[in-house]
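Thanks for coming, everyone. Let me put the model on the screen and walk you through a few places in it.

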Amino acid sequence: MEFILQNFFNWDIVTQAWPLLLRGFGMTLILMAAVIPVGCIGGLTVALLGQSRFRAVRWLTIIYVDFFRAFPPLVLLIFIYAGLPFAGIDLPAIVSVCLAFLLNSSAYYGEVFRAGIESVGTGQAEAARSTGLSGFQTTTYVVLPQAIRNVLPDLVSNTLEVAKLTSLASVVALPELLYSADMARSVTFNATPIVMAAVLYLVLLWPLVRLLSRIEHRSMGSR
Amino acid sequence: MNADITQWDRFLASFFDLAVMQKYLPDIVDGFLLTCHLAILIVISGLVLGLILAVIRAYEFWLTSWLIVVFADVMRALPPLVFILLLYFGLPGVGLNLSGYAATYVTLTLVLAAFSEEIFRAGILATPKGQWEAARSTGLGFGQSLAYVIMPQAIRMTVPPLTNRTIAIAKNTALGTVVGVGEILNQATTGQSFSGNASPLVLGALAYLILFIPVVVFGRWVETRFAWRRT
Amino acid sequence: MSDTPILDVQGLRKSYGKLEVLKGVDLAVRERELVFIIGPSGSGKSTLLRCCNRLEESNGGAVIFDGTDITAKSTNINAVRQKIGMVFQSFNLYPHMSAEGNVALALRKVLKRPKAEALERARAALDRVGLSDKAENYPNQLSGGQQQRVAIARALALEPKMVLFDEPTSALDPELVGSVLEVMRDLRTAGMTMLVVSHEMRFAREAADRVVFMDEGHIVEEGPPEQVFGDPQMPRTRDFVSRIDH
């Protein structure tokens with residue numbers, strides 16, 4: 001028992017590592033605040049392009065979505081971070097991370113929004129157009145609000161995934177929470193900082209998981 | 001004009017150097033096979049464990065239910081990379097040495113078990129109450145009703161969300177590279193740093209596309225094939 | 001018709017939270033009897049029926065079936081349920097099994113019959129409800145009336161001593177009701193004990209041995225159909241009967 005406390009819940013190390021981890025946590029929050037909206041907007045764009053009149057555009061979005069869903073996000077990130085310099089493009093870590101997230105999560109959000117848009121019957125759009133609303137107005141005021149409500153669980157679930165994915169930025173030396181924790185671990189030779197990081201992730205994301213459980217159980221079967 | 005051509009040559013030389021590719025192809029193939037069998041092991045054990053947990057939870061015994069909820073919540077809320085590092089660097093401190101491969105396998109299996117338990121459970125709850133009543137009214141016990149009447153319907157309902165989740169978690173095998181598992185990404189980055197050339201990365205990316213494009217397309221097919229349809 | 005009741009409900013009570021649905025109900029059903037329960041919606045008819053095989057747990061009183069109190073915790077309810085068939089308003093057929101699979105499941109898993117024997121008995125039961133040609137069809141390939149007859153076959157295959165019918169025709173299109181009533185009529189001729197909750201008053205009048213009128217958790221009046229429909233004694237019964245069209 002003593003042994004476990006020493007290695008995972010060492011109070012001395014907690015107090016030492018705390019300032020470093022707090023800075024990392026701040027960086028993680030900034031990262032989430034940047035990549036979640038970027039992914040959402042990108043995904044919405046992809047979904048709307050997927051409804052295009054032009055078959056070529058629809059096909060291109062399907063290829064785009066499947067292509068980036070096939071890549072593990074870490075592979076995408078490393079490709080951008082370690083590969084692009086060979087093409088003479090040297091991006092700072094944070095830009096690499098944002099670019100990788102834009103490509104990856106816009107594909108996933110795009111699929112969610114597409115399912116939402118397709119779940120709204122064509123009658124809704126016809127009714128809106130028959131009252132003189134433009135195509136853009138129809139989408140904004142009639143189709144999207146219903147679409148988003150219909151896929152709310154998937155939207156929340158995807159957002160949770162994106163939030164967790166920010167931990168990948170540690171691999172390209174961006175000093176977010178996990179990176180800071182791993183730094184502290186390698187200096188102290190003790191796993192306590194990683195336990196601390198885990199606790200901070202739990203504090204931040206557990207409420208989202210609970211919310212997800214509630215709305216998921218309500219939605220299955222009624223779809 | 002001339003400058004453009006040299007630019008293009010440089011690009012080709014950095015990303016598609018055939019000699020480099022040839023040299024590192026065997027490593028990438030090794031990584032490909034490792035990724036495949038790690039992913040398959042994770043998918044099998046994760047889904048089986050998730051199903052077992054969902055069945056235990058269906059009995060609604062408060063202690064087991066509570067434990068399963070906590071387990072599922074924690075595994076869903078934690079980024080998998082955090083858990084991998086925790087197992088890999090933490091356990092040796094208590095005398096348990098886990099290889100990077102084992103740490104990745106255990107983590108992703110538990111993550112898939114947590115997600116699939118929730119999905120199976122949602123399927124069980126979504127099966128109409130009348131199905132339970134009909135089964136029980138013919139004298140089938142709780143376990144028998146669950147096994148023969150409820151689960152076959154619940155599993156069918158859960159195929160699309162389960163497929164997508166399983167694919168996403170299988171792709172996370174790439175995280176193993178951080179703890180030295182020689183899967184595709186690891187071989188590719190090693191090759192890249194040894195050769196000072198991006199061609200091994202391109203090979204690695206191709207390997208992932210070859211592996212996962214069919215899987216993603218299959219997932220798309222499953223989604224339409226099993227679209228909710230009730231009689 | 002023997003005199004000892006096969007089903008004896010004594011002072012049965014059931015509440016959902018504060019709402020008391022059954023307020024002390026006594027009802028005896030003798031062997032080979034067809035008893036019809038009528039009454040306005042919310043009167044507790046279906047709850048009473050569902051307490052008879054413990055799909056609902058009662059809060060007081062007793063349900064004696066064939067000599068055993070089924071509300072007792074020590075009773076092996078699964079063994080009792082083999083002997084009490086139940087037919088539901090919404091059929092509740094298993095959508096992932098064919099008609100014969102639906103009927104054979106309990107034969108195999110509860111009575112532990114070998115597969116071949118179970119299927120043979122399932123087909124015999126389907127034959128009894130006039131569906132021997134639909135044995136391999138799945139529920140979504142059958143009409144509502146056919147689905148309900150499969151559900152009846154599923155109950156009959158276990159050779160129950162009694163069958164409970166919970167509004168068996170309410171979910172059916174009018175033109176399909178006849179085929180289900182036909183089967184119930186055949187069952188009565190064969191001497192099956194039946195307890196039926198239904199709104200098919202014409203059928204009650206013609207086929208029931210006894211009609212029970214329930215209102216607000218009580219049995220208000222019971223008697224032969226001629227009496228309950230033709231000459232009701234209680235004002236509430238009179239009121240209810242006068243509203244149904246003949």
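Which residue stands opposite C:Val211 in E9(C)? C:Phe36 does.

Some ground rules. This is a predicted model, where local features need pLDDT of at least 70, side-chain atom pairs count only at pLDDT 80 or more, and totals for chains, interfaces and linings use all residues. Residues are numbered from 1 along each chain as its sequence is written, chains are lettered from A and ligands numbered from 1 in the order in which they are written, and side-chain values use heavy atoms, with hydrogens and water left out.

Back to the strand. E9 of chain C covers residues 210-215. Helices (H or I, at least four residues) and strands (E, at least two) are DSSP runs, numbered from the N terminus. Strand E3 of chain C, residues 34-38, pairs with E9(C) in the parallel sense over four bridges. Pairing requires that DSSP finds at least two bridges between two strands. E10 of chain C, residues 218-223, pairs with E9(C) in the antiparallel sense over five bridges. There, C:Val212 has C:Glu222 as its bridge partner. The E9(C)-E10(C) hairpin has two residues between the strands, and C:Glu216 takes a positive phi near 50°.

Is E9(C) covered or open? Mostly covered: six of its six residues are buried. Buried means under 20% relative accessible area, exposed over 50%, partly exposed in between (1.4 Å probe, protein chains only). One side carries C:Arg210, C:Val212 and C:Met214, the other C:Val211, C:Phe213 and C:Asp215, and all are buried.

Next, helix H3 of chain C, residues 99-109. Nine of its eleven residues are buried, so H3(C) is largely enclosed by the rest of the structure. Among the buried ones are C:Glu100 and C:Asn102. The cover includes H7 (142-171) of chain B, along with H4 (115-128) and H5 (144-156) of chain C. Contact here means heavy atoms within 4.5 Å.

Now chain B. The axes of H8 (residues 184-195) and H9 (residues 199-225) come within 7 Å and cross at roughly 165°. Therefore H8(B) is roughly antiparallel to H9(B), a label for angles over 145 degrees. Axes are lines fitted to C-alpha atoms over the stretch in contact, with angles from 0 to 180 degrees between N-to-C directions. In the contact, residues including B:Ile184 and B:Leu185 of H8(B) meet residues including B:Tyr208 and B:Leu211 of H9(B).

Last, the chains. Two pairs touch, and chains A and B have the most contacts. Chains A and C do not touch; their nearest C-alpha atoms are 15 Å apart.

Conventions. Angles under 35 degrees count as roughly parallel, over 145 as roughly antiparallel, 65 to 115 as roughly perpendicular and the rest as oblique.
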